[in-house]
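Reader: I am new to this one and would like a close look at a single part. Please start with the rings.

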Amino acid sequence: MPNRIISVPDDVVPIIDSLDVPFSRWVTGQLRRHAVQSTMSFADQLVADAALAAPGGLTREDAAAIGGRMASGTGRCHR
């Protein structure tokens with residue numbers, strides 16, 4: 001995967017340094033959560049959830065995003 005460079009304000013650097021995960025992983029998680037919260041088909045939601053559950057495991061934020069979406073009724077199987 002190619003690296004991307006972003007510029008951040010100086011006051012954000014300490015926040016990045018205090019993250020308990022590498023910044024690139026944190027950004028990836030945020031972008032995936034954003035994508036999951038957008039309107040998706042149920043099949044697409046399953047694929048996104050599977051990607052989040054890939055070999056690094058889910059973070060609490062990932063699990064909360066999935067749980068929140070399921071609780072809201074999007075992506076639930078209705079009988």
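How many aromatic pairs does the structure hold?

Author: The model is predicted, so local features need pLDDT of at least 70 and side-chain atom pairs 80 or more, while totals for chains, interfaces and linings use all residues. Residues are numbered from 1 along each chain as its sequence is written, and side-chain values use heavy atoms, without hydrogens and water.

The structure holds 1 aromatic pair (ring centres within 6.5 Å, with the six-membered ring taken for Trp). Its members are Phe23 and Trp26, with ring centres 6.0 Å apart and planes at 15°. The pair is therefore stacked (planes under 30 degrees apart). Both residues belong to helix H2, residues 23-37 (a DSSP run of H or I, at least four residues). Phe23 and Trp26 are 3 residues apart there, so about one helical turn separates them.

Elsewhere, helix H3 (residues 42-52) meets helix H4 (residues 60-71): their axes, fitted to C-alpha atoms, come within 10 Å and cross at roughly 160° on a scale from 0 to 180 degrees. H3 is therefore roughly antiparallel to H4 (over 145 degrees). Gln45, Asp49 and Leu52 of H3 make the contact (heavy atoms within 4.5 Å) with Asp62, Ile66 and Arg69 of H4. Sorted by class, that contact has 2 nonpolar, 1 polar and 3 charged residues.

How values were computed. Helix = DSSP H or I, 4+ residues; strand = E, 2+ residues; numbered from the N terminus. Parallel < 35°, antiparallel > 145°, perpendicular 65-115°, else oblique. Nonpolar A, V, L, I, M, F, W, Y, C, P; charged D, E, K, R; others polar. Phe/Tyr/Trp six-rings, centres within 6.5 Å; stacked < 30°, edge-to-face > 60°.
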